Amino acid sequence: MFKDQTAIVGIGQTPFAKSLPGSELELACQAIQLALEDAGLKPSDVDALGSFTMEHTPEFEVARTVGLGELTYFCQSPWGGGAGCGAVGQVAVALAAGVANVGVVWRSRKRGARSTRVWAGVQERITDHWKWSRPSGLVRPADECAMFAQRYMHEYGVTREQLAHVALAQREYAHKNPLAFMQSRSLTHQQYMDARMIADPLCLYDNCLETDGAIAVVMVRADRAKDLRQQPAFIHAFSQGLNRQHQVNTDWHGANPLRSSSCVTAANLWRQADCGPNDVDVAQFYDAFSPLVWFSLEAYGFCEPGTAAQFVADGGTRMGGRLPVNTSGGSLSEVYLHGLNLIIEAVRQVRGTSTAQVPDVEYSLVTACDSTPNGALLLRRK
Amino acid sequence: MIDTIPLPFTADPIDAPFWEATLRSQLVIQQCTGCQTHRFPPRPMCPQCQSLEHRWRVLSGNATVWSYTKPQPPLLPAFEQLLPYVVILAEVAEDPAIRIIGHLMSKDGAITGVNEAGLKIGAKLRVAFRQHAPDVAIPGWVLVD
């Protein structure tokens with residue numbers, strides 16, 4: 001069995017900023033070195049790497065630059081925001097199976113400048129599935145998410161007044177986190193309501209930050225984890241998910257477009273786990289856009305369909321609420337590193353070192369992007 | 001960043017008939033000749049019965065709004081020039097599982113500043129086409145009174 005056989009034992013992050021000096025390779029190497037130091041392992045101990053298909057630093061460059069050992073397993077996980085939990089989970093599966101022993105997953109991005117947005121690189125002729133939407137002026141992921149948010153809010157009678165509370169709750173967490181981009185920037189309900197629109201119903205504050213930085217995590221099997229420096233975050237369950245008739249970001253060709261790939265991931269996660277949603281103490285839901293938090297709360301079984309907006313507005317995701325969510329400030333208010341920022345916060349919650357620590361955490365959930373092929377990790381302290 | 005509206009590559013044999021039809025102001029989707037299931041976007045195999053045989057069915061062009069949004073800057077330069085515009089995800093009359101994106105268009109083919117009176121989820125639509133290049137017209141949606 002895979003359950004609890006591996007653990008995340010090291011986390012590392014560079015500074016986060018609108019514009020950092022080094023290259024993406026340099027940032028990646030710094031984050032990996034810090035994660036290995038955190039774990040108490042040497043670069044030469046590493047024999048497995050996992051990354052994103054969108055990662056620009058190839059594994060051989062990382063391996064020879066950091067001075068890793070000879071690698072016996074390396075993999076990539078697809079689709080940006082959907083990839084993080086998949087990359088970690090794939091390496092963990094390989095470690096549990098004995099194919100390798102010490103694994104690292106990293107993500108490095110220089111995204112502070114507007115010209116580096118993925119959508120800004122759209123070409124004159126589109127060959128992939130985006131040929132069915134981008135020529136009609138629906139170009140950015142925010143526009144695509146807006147289509148689902150508009151429909152959801154219509155079906156369930158939800159308002160922007162309620163949507164505001166996703167961003168407001170996360171900003172409160174950011175105020176506690178000295179490393180959060182928005183730590184000292186206040187956000188009021190009125191500011192939210194007055195903000196400029198990006199793609200209605202989404203306004204500026206419903207969109208994630210764009211930042212430079214890198215994050216890395218280190219994994220080993222459970223028996224070795226117990227001898228290392230940090231409280232291990234055991235990987236209790238892992239799944240990826242891709243629903244029927246899926247289309248990346250524009251997933252509206254299936255029978256019910258409001259049933260996302262997260263539903264697939266969630267079902268397989270809970271099938272493996274010793275617990276259910278009621279036992280989870282804290283969650284990090286992928287939040288490139290704030291409605292994804294609603295969609296994930298429902299897909300993972302924390303709220304009935306159509307009730308997540310009121311759950312958030314009532315304080316359910318704030319400190320002391322039923323399920324604290326995105327407790328570092330998340331991608332809306334801490335930093336956006338394609339979801340690895342959420343994975344290391346889920347680890348900190350298991351360790352007891354979050355700046356918004358939930359008491360007595362046993363189960364800590366982290367998910368990847370609701371609107372792409374995705375994944376999730378259920379971490380456990382035991 | 002490109003200065004033009006990004007257009008579809010139309011020479012892929014899987015979907016070339018769709019783009020050829022747009023030049024005739026026809027909206028077409030694949031229909032499996034084995035089990036009659038519609039599919040869109042075009043693909044080589046029927047996901048219901050795995051048949052490789054299909055016909056192109058010409059749709060009536062009638063549809064309803066499934067959802068919509070109004071993108072605001074920052075956008076590609078060509079789309080910033082078209083502001084304000086609305087993008088609609090339309091559910092076609094022949095099959096509620098077939099949804100097609102298009103600009104909200106006026107009866108005379110404009111995209112910019114189209115009168116949004118009556119724009120809501122469930123509103124009735126009629127397809128229209130706007131030619132962007134010799135090989136391609138892009139479908140859009142006109143609100144039906």
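Two strands count as paired if DSSP finds at least two bridges between them. Keep in mind that this is a predicted model.

**Strand pairing in chain B**
- Strand E8 (residues 124-133) and strand E9 (residues 136-143) of chain B pair in the antiparallel sense, with 8 bridges.
- One of the bridges joins B:Gln131 to its partner in E9(B), B:Ala137.
- In chain B, 5 strands close into a barrel in the order E5-E6-E7-E9-E8, and the pairing is mixed.
- On average, neighbouring strands of this sheet are turned by 50° against each other, direction ignored.
- Helix H1 (residues 16-23) of chain B lies across E8 and E9 of chain B, and runs at about 65° to E9(B).

**Where the chains meet**
- Chain A gives 32 residues to the contact, and chain B gives 32 residues.
- On the chain A side, strand E5 (125-126), helix H4 (141-156) and strand E6 (197-199) each supply at least two residues.
- The largest share of that side, 6 residues, comes from H4(A).
- By class, the side of chain A that touches chain B has 14 nonpolar, 9 polar and 9 charged residues.
- E5(A) also pairs with strand E1 (residues 7-8) of chain B, in the parallel sense over 2 bridges; there, A:Ile126 has B:Pro8 as its bridge partner.

**A closer look at H4(A)**
- Of the 16 residues of H4(A), 13 are buried, so this helix is largely enclosed by the rest of the structure.
- At 1.5 Å a residue, H4(A) should span 22 Å, which agrees with the 23 Å between its end C-alpha atoms.
- Just after H4(A), A:Gly157 takes a positive phi of about 65°.

Methods: Residues numbered from 1 in each chain as written. Chains lettered and ligands numbered in written order. Predicted model: local features only at pLDDT ≥ 70, side-chain atom pairs only at ≥ 80, totals over all residues. Contact = placed C-beta atoms within 7 Å. Helix = DSSP H or I, 4+ residues; strand = E, 2+ residues; numbered from the N terminus. Nonpolar A, V, L, I, M, F, W, Y, C, P; charged D, E, K, R; others polar. Expected span 1.5 Å × (residues − 1). Buried ≥ 20, exposed ≤ 12 C-beta atoms within 10 Å, placed from the backbone. Axes fitted to C-alpha atoms, helices over the stretch in contact; angles between N-to-C directions.
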